[in-house]
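Subject: Structure handover, with notes

Dear colleague,

Here is the structure that I promised to pass on to you. Please look it over first, and then read the notes that follow.

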Amino acid sequence: MQSSSQTSNALPLYLQISELLIRDIAAGRLIDGERLPPERDMADELGISIGTLRKALADLTEKGLLERVQGSGNYIRQGRTQQSIYAMFRLELLSGGGLPRADILSTERLRKPDEFPEFGKSPEGTRIRRLRYLNDVVIAVEEIWLDGDAGFVKRDLLSDSLYRFYQKHLGFWITRAEDRVTIGEVPDWAPQDFTLVPGTVTGFIERFSWSDRPEPVEYSRTWFDTNRAHYVQRLK
């Protein structure tokens with residue numbers, strides 16, 4: 001499921017499978033009442049062991065998204081997917097779903113640019129730049145700024161899910177986010193591995209994220225390739 005760039009802080013393999021299936025359910029690629037293929041067939045298709053698959057299915061069952069019927073099979077039970085690690089990740093492949101992952105391009109502790117909107121209380125922040133994938137498809141570059149008062153970010157501890165990193169290592173959880181979706185020019189620091197050259201006009205997301213504080217703790221900008229992914233917000 002992961003490329004050779006996988007780090008020791010990547011999600012456990014069974015959670016990667018669970019998250020992939022959760023996003024497929026949210027995207028409608030797996031529908032309520034649908035019977036999944038036999039476990040051995042699924043494991044072979046995903047390139048994982050039966051034991052890993054069963055841990056993933058157990059996670060889905062615990063979250064109320066799967067019913068396991070003895071002697072019959074595993075059936076999708078659509079429900080709330082807010083328990084997903086990537087519940088706030090709104091980009092999907094054009095066909096729907098896709099497991100998010102990221103390559104870290106850089107992490108630096110810097111003074112916040114004067115032209116930035118206000119967020120947090122510190123004059124400094126940690127800037128994280130990443131190349132984003134859905135499955136193995138490059139879909140975006142992003143720049144995240146975490147307020148300096150929120151804690152220190154060590155690159156070797158970062159995982160594909162920053163929100164999971166915040167909870168595990170910095171002791172806070174992102175409870176809500178506000179996205180502003182428009183268009184923007186791909187930044188000049190975008191790597192050659194990105195599908196669009198700097199200056200190309202493409203989809204752009206500006207996000208403010210909150211923990212339990214009244215002011216946003218994080219500000220991020222994402223440039224995504226609209227030929228490979230789209231922004232999805234589902235209302236229930």
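The confidence value used throughout is pLDDT, which is the predictor's confidence in each residue on a scale from 0 to 100. This is a predicted model, in which local features need pLDDT of at least 70 and side-chain atom pairs count only at pLDDT 80 or more, while totals for chains, interfaces and linings use all residues. Residues are numbered from 1 along each chain as its sequence is written, and side-chain values use heavy atoms, with hydrogens and water left out.

For the protein, the mean pLDDT is 91, and 94% of the residues reach 70 or more. Over residues 1-8, however, pLDDT stays under 50, and the model has 16 contacts (heavy atoms within 4.5 Å) beyond four places in sequence for that stretch. Where pLDDT is low, the predicted coordinates should not be read in detail.

Helix α2

Helices (H or I, at least four residues) and strands (E, at least two) are DSSP runs, numbered from the N terminus. I use buried for under 20% relative accessible area, exposed for over 50% and partly exposed for what lies in between, with a 1.4 Å probe and protein chains only. In helix α2, which spans residues 39-46, the buried residues are E39, M42 and A43. They lie on the same side of α2, because they cover an arc of only 100° around the axis, the arc being that of the directions from the helix axis to the C-beta atoms. The exposed residues R40, D44 and E45 are carried by the face of α2 that is turned away from this buried side. The cover over the buried residues of α2 includes α1 (13-26), α3 (50-62), β1 (66-69) and β2 (73-76). After α2 comes G47, with a positive phi near 70°.

The contact of α2 with α3

The axes of α2 and α3, taken as lines fitted to C-alpha atoms over the stretch in contact, come within 9 Å and cross at roughly 105°, where angles run from 0 to 180 degrees between N-to-C directions. The two helices, α2 and α3, are therefore roughly perpendicular to each other, a term that covers 65 to 115 degrees, whereas angles under 35 count as roughly parallel, over 145 as roughly antiparallel and the rest as oblique. On the α2 side the residues are E39, R40, M42, A43 and L46, and they meet I50, L53, R54 and L57 in α3. The residues of this contact divide into six nonpolar (Ala, Val, Leu, Ile, Met, Phe, Trp, Tyr, Cys and Pro), no polar (the others, Gly among them) and three charged (Asp, Glu, Lys and Arg).

Individual residues

E19 is found in helix α1 and counts as buried, at 0% relative accessibility. Leaving aside neighbours within four places in sequence, E19 is in contact with L11, K63, S84, I85, Y86 and L99. S220 lies in strand β9, residues 218-224, and is also buried, with a relative accessible area of 8%. With neighbours within four places again left aside, the contacts of S220 are E143, I144, I205, E206 and R207.

N135 sits in the loop between β5 (124-134) and β6 (137-147), and its phi is near 55°, a positive value in a residue other than glycine. N135 is partly exposed, with a relative accessible area of 29%.

Best regards
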